[in-house]
Amino acid sequence: MGDASAVTATGLVKKFGGRRVVDGVDLTVPTGAIYGVLGPNGAGKTTTLRMLLGIIEPDGGERSVLGHANPRAVSDSIGYLPEERGLYPAMKARDAIAFLGALRGLDRKTGRARAAAMMEEVGLGHAVDEKIRKLSKGMAQLVQLLGSVVHRPALLVLDEPFSGLDPVNQEKLEAFILAERDRGATILFSTHIMSHAERICDRLAIIAGGKRRFEGTVDDARGMLPQRVLYTPRDPGDAVAAALPRDAVRDGAVWRFELPDGGIEPWLATLIERGHGIAGLSIERPGLHEAFVSIVGRDAIEAAGEPVAPGMAA
Ligand SMILES: Nc1ncnc2c1ncn2[C@@H]1O[C@H](COP(=O)(O)OP(=O)(O)OP(=O)(O)O)[C@@H](O)[C@H]1O
């Protein structure tokens, strides 16, 4: 593998009509990692990926992709699923995959053979000779994804790969990305859906308003917020509030508050002593979605037209 970083970006800038839509972004994608670029709509994710692929040129900053300053020099070692999906409707699925491979230097015969095997693996064996126009949108998207890896690239760049897939296919895609990493590929993908990133990313960057707001592991991001206590007393009344930390809020039978600095034990002792009892108790670390909301800001997420509550993004 040699180089420790498959991709680096330093101070990348892109301006459209005088507006800096990418405004000094730094990224370091370790070789062999699954790396997520997260951000709300319009954050600058696609523009950043396009600069890293050499599809558009930066107005400032430096990039290095598989050891080259010019990504086009290594395009045969890169696989790319663009945000705009599209295949020739009259082509058969396996030919469409082989065609995309051929654009990256793979001979057609090998491409066709690999296409059939890969389609079988993802449960699309029945559609190998089906024309693209006959496939559902989700199936066509999977075919295009296979076309982006058929030449076994060292670097796989996927722009919003989970969008447009149903939950079963989203799960298949997660498994597929993990298998690509096991093959030795580096995967760089963008998403605004936190649940996938939370499960599969080795590292991630959060971008908003063209700037990088966070870089690190999923645990680093989640660790930025305090842990939370969920406590259910035996008695349902409000009297228990007097024995709880001041930030405690009630949600039905459950009271929530930040894990106090001195731990939960002194509070539990008081709750028991005063007869409130313990019907339920858990200490939770906030999820990536909550960390994302805290890092990007509720207002910025709402302004991008996205849900702030977890589990609602699709
Ligand atoms: N070719 C272009 N000309 C003018 N403005 C552009 C162009 N491409 C992107 N933009 C603008 O740049 C900003 C960033 O867009 P970009 O597509 O990079 O964001 P994104 O994070 O990928 O969001 P999304 O998930 O909505 O695609 C947006 O405001 C977009 O309208």
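Two strands pair if DSSP finds at least two bridges between them. Strands (E, at least two residues) and helices (H or I, at least four) are DSSP runs, numbered from the N terminus. Keep both ideas at hand for this tour.

This is a predicted model: local features need pLDDT of at least 70, side-chain atom pairs count only at pLDDT 80 or more, and totals for chains, interfaces and linings use all residues. Residues are numbered from 1 along each chain as its sequence is written.

**Stop 1: the annotated span**

Select residues 7–234. The UniProt annotation "domain: ABC transporter", from an unreviewed entry, covers them. UniProt positions follow the numbering used here, feature names are shortened, and annotations may be inferred rather than shown by experiment. The end C-alpha atoms of this span lie 55 Å apart. The span is 33% helix and 29% strand.

**Stop 2: the hairpin**

Select strand 1 (residues 5–16) and strand 2 (residues 19–30). They run antiparallel, joined by nine bridges. Together they form a hairpin with two residues between them. Find Gly-17 in the turn: its phi is positive, about 55°.

Now click Thr-28, in strand 2. Its bridge partner is Thr-8. Leaving aside neighbours within four places in sequence, Thr-28 is in contact with Ser-5 and Thr-8 (contact: C-beta atoms, placed from the backbone, within 7 Å). Ala-9 is 19 residues away from Thr-28 in sequence, but the two are 6.6 Å apart in space, C-alpha to C-alpha.

Is Thr-28 buried or partly exposed? Thr-28 counts as partly exposed because it has 17 C-beta neighbours inside 10 Å. A residue is buried if 20 or more other C-beta atoms lie within 10 Å of its own, exposed if 12 or fewer, and partly exposed in between, with C-beta atoms placed from the backbone.

**Stop 3**

Select the ligand. Among the residues surrounding it are Phe-16, Gly-44, Lys-45, Glu-83 and His-192 (a residue is near a molecule if its C-beta atom, placed from the backbone, lies within 6 Å of it). The shell divides into three nonpolar, seven polar and two charged residues. Here Ala, Val, Leu, Ile, Met, Phe, Trp, Tyr, Cys and Pro count as nonpolar, Asp, Glu, Lys and Arg as charged, and the others, Gly among them, as polar.

Which helix gives the largest share of the shell? Helix 1 (residues 45–53) does, with three residues. Nine of the nine residues of helix 1 are buried, so it is largely enclosed by the rest of the structure. Gly-54 follows helix 1, and its phi is positive, near 80°.

**Stop 4**

Select six strands in the order 5-6-7-3-8-9: they make an open sheet with mixed pairing. The edge strands are strand 5 (78–81) and strand 9 (211–216), each pairing on one side only.

Zoom in on strand 8 (residues 203–208). It pairs with strand 9 in the antiparallel sense over five bridges. The bridge partner of Leu-204 is Gly-216, in strand 9.

**Stop 5: Pro-82**

Finish at Pro-82, in the loop between strand 5 and helix 2 (93–103). Pro-82 is partly exposed, with 17 other C-beta atoms within 10 Å. Pro-82 and Val-249 are 167 residues apart in sequence and 44 Å apart in space, C-alpha to C-alpha.

Conventions. Contact = placed C-beta atoms within 7 Å.
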